[in-house]
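Please look over the sequence and the model below.

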Amino acid sequence: MKKFTLAVLAAAFVLSMSAQKVVRPQRSLQKAFAETQVEAGAVNKLMENKAGKPLAAKKINPFKSAVKQSVTRAGEDFNIITEAPEGRTEVYSLSGLAYYSFWGYIMGVSHEGTLGQIVYCDDNTVYIKNPISQFATNSYIKGTIDGDEITVKLPQPIYQEDYDGEVYNYQIERLAYSEDEEGGWYYRDENSSEVKFTLRNDSVIWAEDTLGDVMLGLCDDTGEWMGYGDYNMVYSKVTDTVVEAPADMTCEDWVLKANDDGHFVKVGFSGKDVYVGGIYETMPDAFVKGTIDGDKVVFKSGQYLGPDESLNCHAYFVTGGSEMVWDDVYMEWYSSSYMTEQIELSYDAEAKTMIADSKNDSTMFINSGKARIYYIEAFDAPEFRYQAPVVGAVKPATPEFLEFSPYDEYYGYGYVDFIVPKFDVDGRMLDTDKMHYNLFIDDELFTFYPDEYIALTEEMTNVPYDFTDSYDIYDNGTEKMIYFYTTGFEKIGVRSTYTADNGESKDSEIAWYYVNGGTVGINAAEAGAKGVKSVVYTDLSGRRVAKPVRGIYIKTEVYDDGTQKSVKMLRR
């Protein structure tokens, strides 16, 4: 079982600030519920910062019981509406209050700028896409219009997941809030099975209880709440238009650097206007516009980038700053972000640079909506610099270790967290599509095997820079995290490689982490000479297994010198 305590603490901190970060969706409900243990203290603090009702701070996993497993109906037609009938499609900016599950714990969020879509048909039916704001199912629920009222009869099927060969069905229900001595929770509403919305001018508004006593919730096919739900929603018409760069404008490759990271952007000039494309890498063709004023360039806040289908939101370019604020509850200082009307950058036309003058009040946000900070990405004190094309192979900067956790028998894994710079040793930005990195265990190049790294389909030695298997190998920009199942080594190394278009490659220096603080590693010949004394198999709960059958197990080899190696294996 994987431990994400640090991630939860970070989420608690984010929710305690005035600037909230957009929730990035989990790929699998089953995986999220099955894999994580979190410290209770982190959850208690987290729940105090929720946006909705005071829920019980408890971890939920509705899939463990035999009763729940028995209702799985593999292969059954669940009649999910994945395509709406022909009609008039309206795109809205959705705001409201919502809950979502963060690795099995319930979180509350006040969101805005969420992508809302409703299809209006001639027979007075409507189809609402992705009705759960924090878990985009890419499917619809159906309602009917009578006058200025939309009625949605529930339950309706919404999502189906195939997890490890089993199929799980989910549906939308009307849920009611209930409290007992252990706290509050949401259950199927026994008094009503429909929800209503009101049509008002160009908006569609939640017409039910706005305090959270009633909610539109994501449930399994028995009506048990999965931790996702919405209430107090407002669908507002989007009137903003995206920035259009001149068709005849010539762009150059510049580099945007901020927060010890960076990426290429397109910069073009038209008179006193400057256009920057690709600030948000997910939308590389979206531009923001600035105006040259002497030795300054001014970028106005609130520029619309367009709908982001990947995060189910409307992306905007907004500007802001930050200040330190004292928290009387937790007795600590924290950084609080605020919005500004614009950002000014110092402009040097000859050097081809645009650089923020200040660090505290010069932040560019890629944001969901434009009314408040609900950010996707933040660029503090940004610097834009022209960079001539990199020709041939160059030597990447040396990676850097952030954290190392040795193999833990209880959890069945260890992990390593490190930085792989995107720059060469001379500070030039590199194209990460031309980069990969390697791990070394002691002095031996490490290979990721599919029986150990079960999300892989073939063995891998060179890890592409932006690769993730969403299970054991994670990518977060320059930061990489890898889980391992090996013990008995003294040092672990990371090296990156840049390969030019002509096929020539250059390696960075190897960054080493010495497990025990020593300076001498075990060479490959010595490691290979050890004999295996015994082999033990355990399941993911730590129980010893005589003969593994279908499923995931931990195989532990004990060597005659007392060291051991544990790997995760999959029996199909």
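## Salt bridges

A salt bridge here is a side-chain nitrogen of Lys or Arg within 4 Å of a carboxyl oxygen of Asp or Glu. By this rule the count comes to 22 salt bridges. This is a predicted model: local features need pLDDT of at least 70, side-chain atom pairs count only at pLDDT 80 or more, and totals for chains, interfaces and linings use all residues. Residues are numbered from 1 along each chain as its sequence is written, and side-chain values use heavy atoms, with hydrogens and water left out.

K196 and E149 pair through their side chains at 3.5 Å, N to O. This pair links distant parts of the chain: K196 sits in strand β12 (residues 194-200) and E149 in strand β8, 47 residues apart. Strands, like helices, are DSSP runs numbered from the N terminus (helices: H or I, at least four residues; strands: E, at least two). K196 is partly exposed at 23% relative accessible area. E149 is also partly exposed, at 30%.

K296 and D357 form a salt bridge at 2.5 Å, N to O. Here too the pair links distant parts of the chain, 61 residues apart: K296 is in strand β20 (residues 296-300), D357 in the loop between β25 (353-356) and β26 (363-368). K296 is partly exposed, with a relative accessible area of 22%. R495 and D507 meet at 3.8 Å, N to O. R495 belongs to strand β36 and D507 to strand β37 (residues 505-507), twelve residues apart. R495 is buried at 19%, whereas D507 is partly exposed at 35%. Salt bridges that share partners also join E149, K153, E194 and K196 into one network.

## Overall fold

The protein chain has five helices and 42 strands. Of its 572 residues, 49% count as buried. Take contacts (heavy atoms within 4.5 Å) between residues at least 6 apart in sequence: 61% of them join residues at least 24 apart. The accessible surface comes to about 26700 Å², and 46% of it belongs to carbon and sulfur atoms. Accessible areas come from the Shrake-Rupley method with a 1.4 Å probe; for residues, only the protein chains shown count as cover.

## Nonpolar cores

A nonpolar core is a set of buried Ala, Val, Leu, Ile, Met, Phe, Trp, Tyr and Cys residues joined through side-chain atoms within 4.5 Å. The largest one has 78 residues, and F197, F299, M354 and F384 have the most contacts inside it. Strand β4 (residues 88-102) gives the most to this core, with seven residues.

What does F384 touch, leaving aside its neighbours within four places in sequence? Its partners include W254, L256, V276, L345, M354 and M364. A second, separate core holds 34 residues, among them F401, L439, I482 and I492.

## Polar contacts and loops

K491 lies in strand β36 (residues 491-499). K491 is buried, with a relative accessible area of 8%. Its side chain reaches that of D443 in a polar contact of 3.0 Å. Such a contact is a pair of N or O atoms within 3.5 Å; within protein, one must be able to donate a hydrogen and the other to accept it, and residues adjacent in sequence count only if both atoms are side-chain atoms.

T447 is in the loop between β32 (444-445) and β33 (463-464). T447 is buried at 16%. Its side chain makes a polar contact of 3.4 Å with the side chain of T461.

A393 occupies the loop between β28 (383-386) and β29 (400-408). A393 is buried, at 10% relative accessible area. Beyond its neighbours within four places in sequence, A393 is in contact with Y498, A500, E504, S505 and K506.

## Backbone features

A cis peptide bond joins L154 and P155, with omega about 5°. P155 is in the loop between β8 (149-153) and β9 (156-163).

N259 is not a glycine, yet its phi is positive, near 55°. D260 likewise has a positive phi, about 60°, without being a glycine. N259 lies in the loop between β16 (251-258) and β17 (261-270), and D260 lies in the loop between β16 and β17. N259 is partly exposed at 42%, while D260 is exposed at 76%.

Notes:
Buried means under 20% relative accessible area, exposed over 50%, partly exposed in between (1.4 Å probe, protein chains only).
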